[in-house]
Amino acid sequence: MTDLSITGQQVQAQQFIPTEPFRITTNAPHQMNDVSLTPGRKKLQKWLGRVLRIVITDGRVLIGFFNCTDRDANIVLSMCAEYLVEGQEPRLLGNVMVPGKHIVSCCIDEPDPQSSLLVQ
Amino acid sequence: MNGSSVVEPPDFQAATAAAAAAARASSSEQDEWSASECGFLDPEVQRVMRSGSAAEDITQYPMHGWVDVTKEFHDACAELQPGELAQDMLFGLFEAMSAIEIMDPKMDVGMGFDKQDLPPPSFEAAIAMGAIKLDDLTPSELIGIFDALFSCIVSWLEGNSMDQVLFTCLYLHAPSKIKDKALRVFCTAVRNLIVVIKNIIAGAAVNEEEDFQLYGNSALLGAEKAQPATIFGSLKEVEDELVRKSKQLAAPEDWMAVVHRLRFMRHLFQVIYQVEQMANIESSEETMNEIYKNLNVASELLPLIRRTLDRGTQPEKGSEAPNPMGFSPRIHDRSQPPAFPRSIKIRDRPASYQFLEEMVTRFKYACKVIRHKDYYSALNFFIEYSKKSGQCILSRSVLQSLFSANIRVAHGKQPMKQFLRHSVQIFNSPPVLNTKHPVAADPKVQQHLENFFRYCINMNTFTQFIRICGFNRARQRDKLARLIENFDTIQVDAARLDSLMNQLANEKAMEGNEPLSTALKHSTHFSTWVLYNCFRAMFIFLMSGFELELYAVHEFLYIYWYPYEFLVGFLVSALTRTENILLAQEEYAEHQSKIQSNSGSGGAAKNRKAAKPKKNKKQQRPYRAEIVFYHALLSLCGGMYKAMGALTKDGRVRLPLSKFDNEEIRYNRRFLPFATLTSPPPVSYVEFKNIRDHMMRPSAEELYSYAAKHFDQARNVLESIQNPDQEMLDLLQIARTNFVVMNVLARGHQKEVKRQPEFDFSKHNYFPIIKLK
């Protein structure tokens with residue numbers, strides 16, 4: 001069982017080298033512990049799927065699951081709720097794309113490091 | 001899954017090994033982020049977690065507390081390459097496509113809200129605030145509200161949501177609470193109009209989601225019951241009161257302007273209500289006359305109304321409300337479903353009345369359908385109507401309602417089967433359908449006929465063709481493709497019926513029953529009729545691709561080739577055959593009547609007199625005009641086909657890169673609906689290629705001059721037509737221009753410039769003017 005290849009060619013247990021540049025950074029299992037990710041990408045990867053609160057230029061607050069972003073910080077949120085005034089009744093929007101240029105601030109719902117989401 | 005993170009694996013085994021190695025390598029390492037911190041490894045768990053009861057309600061967040069990461073976030077994003085995405089593992093194309101873009105004026109309905117803004121006032125709130133008057137409205141206020149409401153109706157008919165246009169008018173929310181009689185009656189009429197229009201459009205069922213929003217806030221509509229039958233009377237009453245009142249005034253013009261609007265509403269309402277009632281009415285002719293009268297009155301009122309537009313209150317500059325009083329433009333914005341947010345532009349008043357004026361004209365035109373008593377002319381009428389009035393959903397639905405209240409009847413109460421039977425008789429008069437013929441009573445023959453027509457009805461093919469003409473132009477094509485496939489089975493049945501009739505004729509001849517045999521003497525009547533309609537559907541299907549701009553320029557060649565080589569020829573021969581049959585029968589009938597008159601009786605002389613004018617009429621040949629027109633189309637198609645051949649040969653047509661090109665696939669796709677037909681048999685790509693290769697053999701210059709000859713022929717044919725309509729004149733101009741262009745090219749003009757000419761379809765949907773650039 002040492003020879004894995006049908007062609008008879010010995011396969012080297014090669015070092016895992018990711019292609020550079022990455023076209024997509026995801027939180028999919030195979031990429032989770034990828035050592036070659038830059039710190040920023042790692043941060044984004046960590047935040048993906050978490051709840052994000054974005055304040056946009058006209059003062060509205062959008063809260064939804066962080067789904068996708070790109071270089072210009074255009075952000076896609078899913079199951080998004082739109083608040084004209086925070087605390088009042090929101091309007092549920094579903095999927096939204098917030099252009100980066102309209103973002104004033106963004107906050108992440110940071111979990112307590114002690115309690116994992118799985119436990120909840 | 002590994003593809004994105006592994007350097008081009010030489011083969012599958014290597015990839016697996018690499019992945020295994022990677023897994024080993026990573027598991028041995030000390031993880032920088034723990035699994036729980038980074039999300040879940042198992043997508044199923046992820047899904048459950050996201051849709052689970054705790055996580056489903058986004059409003060419950062934050063679970064822990066907001067931590068501002070604005071700077072961190074932007075810095076992190078800046079590390080990404082242009083075009084690179086960081087995305088959730090569950091994020092895909094669907095999510096990307098369904099996202100609403102925030103701060104986009106067309107999609108984001110929440111835009112432009114100010115925190116300090118009060119919520120848009122409701123009916124009750126507006127009354128409490130004193131923002132709307134319920135009594136003693138001035139004429140100018142009434143005119144303003146009426147005109148704005150007409151604009152809302154027009155905007156609704158153009159496909160906007162009822163909630164976002166009509167129900168922004170607070171008066172419509174509870175008309176019964178309005179004290180001013182004119183306003184109350186008008187608003188009640190609008191609400192009833194909404195119900196009736198919805199019924200007509202739903203009944204005609206030729207709407208698509210892009211045409212019309214059938215659903216709206218039904219709770220608002222349901223609050224007060226619709227009583228369409230009373231509207232006409234109450235409008236009349238309030239009109240009379242106002243007329244009396246205005247007679248005592250020194251300047252009655254303002255009140256008369258109000259009266260004109262009420263009166264216009266009354267007649268328009270009556271028309272639409274009567275159309276809706278068509279299904280329950282015994283005599284459609286009488287109703288049609290009434291509808292036509294009402295339309296005439298309505299169209300006479302419109303100029304008066306348009307002249308007094310400035311007497312009403314006008315919308316404020318910069319405001320979204322169509323009128324200063326009574327409208328709350330954003331009242332329903334936040335109750336719309338999330339995928340729905342769009343900013344609505346309500347039509348301005350002059351444009352709205354323009355629309356209504358054109359709609360009244362279209363209704364009048366639709367009334368003419370009553371003259372078309374057989375399928376052939378009714379179909380022609382529907383095709384014409386679609387070309388001229390295809391853009392307005394209500395006009396299209398009205399025509400459908402006027403023609404057939406449901407799929408089983410035509411023109412009021414005539415069963416569709418009867419209608420088709422009558423239509424075949426009018427079209428090419430098969431002897432068996434003539435009740436005077438001795439075989440008409442033969443139960444066996446009758447049974448066969450009955451079966452055939454029942455089959456036609458059950459297949460719905462013919463009725464469906466007419467209905468398809470009622471859809472918007474863009475949707476007709478797909479529906480025609482499916483219709484064409486349906487024709488095949490009916491063709492088979494028609495052919496069987498024809499051969500049965502022939503067989504019967506032969507049997508009778510063998511029996512020595514000469515008159516019966518002659519009576520049955522049958523050509524291919526039924527199959528010709530079916531085929532003719534099939535050809536029409538095929539032709540419209542093929543040419544509609546030009547109108548919808550589906551074809552690339554390099555495809556024009558085979559699109560024009562097919563009608564040139566086959567389709568138009570088939571149509572011409574079907575019509576010619578039909579004419580010849582009619583003529584032969586004419587002569588035979590004449591011959592018979594001569595024999596009869598020779599045998600001598602008093603009535604015979606009368607008969608002959610009656611027969612003479614009829615003969616003259618028939619000698620004009622009923623299909624002559626259509627055949628001539630098809631000849632013109634044939635030459636135009638031929639001209640375009642050869643012109644495209646020449647241009648291709650000359651290197652003036654941009655061809656797809658051969659790497660991405662497979663002409664055979666494209667050819668087969670374009671003619672896909674024809675592939676299932678037995679008649680006409682499908683033409684394979686190989687056959688087409690042979691024909692094209694043969695055509696392309698001469699030099700480009702020669703080909704240009706062949707094309708010019710075709711265009712010249714088309715021109716001659718079109719010029720020979722007496723009283724040409726606009727379409728023929730347009731085609732004539734196209735033929736003339738292209739003739740000149742082809743001649744110029746044939747003489748070697750711009751020989752060295754290999755630019756693709758421009759194909760300008762602005763004159764006609766099917767044929768372009770070729771323009772050299």
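Mentor: We will go through chain A, then a pair of helices in chain B. Keep in mind that this is a predicted model.

Trainee: How many helices and strands does chain A have?
Mentor: There are 2 helices and 6 strands in chain A.

Trainee: And which pattern does chain A follow along the sequence?
Mentor: Chain A reads β-α-α-β-β-β-β-β.

Trainee: What share of chain A counts as buried?
Mentor: Chain A has 120 residues, and 53% of them count as buried. Its accessible surface is about 5500 Å², with 56% of that belonging to carbon and sulfur atoms.

Trainee: What about contacts between residues 24 or more positions apart in chain A?
Mentor: Such pairs make up 28% of the chain A contacts with a separation of 6 or more.

Trainee: Okay, chain B now. At what angle do α8(B) and α11(B) pack?
Mentor: About 25 degrees, with the axes of α8(B) and α11(B) 10 Å apart. Helix α8 of chain B covers residues 181-204, and helix α11 of chain B covers residues 253-277.

Trainee: Why are they called roughly parallel?
Mentor: The angle is about 25 degrees, and angles under 35 degrees count as roughly parallel, so α8(B) and α11(B) fall in that class.

Trainee: Left-handed or right-handed crossing?
Mentor: α8(B) passes α11(B) in a left-handed crossing.

Trainee: Which residues make the contact?
Mentor: From α8(B), they include B:Phe186, B:Leu193 and B:Ile197. From α11(B), B:Met265, B:Phe269 and B:Tyr273 are among them.

Trainee: How do the residues of that contact divide?
Mentor: Into 14 nonpolar, 2 polar and 2 charged for the contact of α8(B) with α11(B).

How values were computed. Residues numbered from 1 in each chain as written. Chains lettered and ligands numbered in written order. Predicted model: local features only at pLDDT ≥ 70, side-chain atom pairs only at ≥ 80, totals over all residues. Heavy atoms only, no water. Helix = DSSP H or I, 4+ residues; strand = E, 2+ residues; numbered from the N terminus. Buried < 20%, exposed > 50% of the residue type's maximum accessible area, 1.4 Å probe, protein only. Contact = heavy atoms within 4.5 Å. Areas by Shrake-Rupley, 256 points an atom, 1.4 Å probe, with all protein chains shown as cover. Axes fitted to C-alpha atoms, helices over the stretch in contact; angles between N-to-C directions. Parallel < 35°, antiparallel > 145°, perpendicular 65-115°, else oblique. Left-handed = near helix turned anticlockwise from the far one by under 90°. Nonpolar A, V, L, I, M, F, W, Y, C, P; charged D, E, K, R; others polar.
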